[in-house]
Amino acid sequence: LYNKYDMELIGWWIYGQESLASSKSLAGIDDLKDFKFRSPPGLETEIFASLGAKPIVMDFTEIFTALETKIIDGADASGLANNVSLGLYDLVSNATYPGFHSMPSDHLAINK
């Protein structure tokens, strides 16, 4: 894949599971009823809606303001470290593991 673009893969890593930051504790499916949260588009949104939640598809950059103004109760955003650095836990106090939309990983590649 990289050779086609004259690039070299240096390495890849998984930085941990994602966490769902929320203003209320989520202990089971019943807690999802009317739970408004930021969700990425796609299958996750459909699954949570079928369980009674109110997923809202929004850009990652809108999460902090949406939590601050209580437009949403939580956010499926990123890994715990990123959520902390974004200040999400200054606004909400619950972290639910695992997050739902991906296993975060990244890579580093350079031009040859």
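A residue is called buried when its relative accessible area is under 20%, exposed when that area is over 50%, and partly exposed in between, as judged with a 1.4 Å probe and with protein chains only. Helices (H or I, at least four residues) and strands (E, at least two) are DSSP runs, numbered from the N terminus. The structure is a predicted model, in which local features need pLDDT of at least 70 and side-chain atom pairs count only at pLDDT 80 or more, whereas totals for chains, interfaces and linings use all residues. Residues are numbered from 1 along each chain as its sequence is written, and side-chain values use heavy atoms, with hydrogens and water left out.

The protein chain contains four helices and seven strands, and these elements follow one another along the sequence in the pattern β-β-β-α-β-α-β-α-α-β-β. Taken along the principal axes, the C-alpha atoms fill a box of roughly 50 × 30 × 25 Å. Of the 112 residues in the protein chain, 32% are buried. A contact is defined by heavy atoms within 4.5 Å; among the contacts between residues at least 6 apart in sequence, 64% join residues that are at least 24 apart.

Helix H1, which spans residues 43–50, has Glu 44, Thr 45 and Phe 48 among its buried residues. Seen down the axis of H1, the buried residues fall within an arc of 100 degrees, so they line one face of the helix; the arc is that of the directions from the helix axis to the C-beta atoms. An α-helix has 3.6 residues a turn, so residues three or four places apart point the same way. The face of H1 turned away from the buried side carries the exposed residues Leu 43, Glu 46 and Ser 50. The cover over the buried residues of H1 includes strand S3 (36–39), strand S4 (54–57) and strand S5 (74–79). After H1 comes Gly 52, whose phi is positive, near 100 degrees.

Ser 39, which is found in strand S3, is buried, with a relative accessible area of 0%. The side chain of Ser 39 makes a polar contact of 3.0 Å with the side chain of Thr 45, a residue of H1 that is itself buried. A polar contact is a pair of N or O atoms within 3.5 Å; within protein, one must be able to donate a hydrogen and the other to accept it, and residues adjacent in sequence count only if both atoms are side-chain atoms. When neighbours within four places in sequence are left aside, Ser 39 is in contact with Glu 44, Thr 45, Pro 55, Ile 56, Val 57 and Met 58. Another serine, Ser 19, is found in strand S2 (residues 18–22) and counts as buried at 0% relative accessibility; the side chain of Ser 19 makes a polar contact of 3.1 Å with the side chain of Asn 83.

The loop between S2 and S3 holds Leu 32, a buried residue with a relative accessible area of 8%. Apart from neighbours within four places in sequence, Leu 32 is in contact with Leu 26, Phe 48, Leu 51, Gly 52 and Ala 53. Asp 34 also lies in the loop between S2 and S3, and is partly exposed, with a relative accessible area of 40%. The phi of Asp 34 is near 60 degrees, a positive value in a residue other than glycine. Most residues other than glycine have a negative phi.

Lys 112, located in the segment after strand S7 (105–111), counts as exposed at 53% relative accessibility. Lys 112 and Leu 32 are 80 residues apart in sequence and 49 Å apart in space, C-alpha to C-alpha. If residues up to four places away in sequence are not counted, Lys 112 touches Asn 3, Asp 6, Met 7 and Glu 8, and a polar contact of 2.6 Å joins the side chains of Lys 112 and Asn 3. Asp 6 is found in the segment before strand S1 (7–14) and is partly exposed, with a relative accessible area of 45%. Although Asp 6 is not a glycine, its phi is positive, at about 55 degrees.
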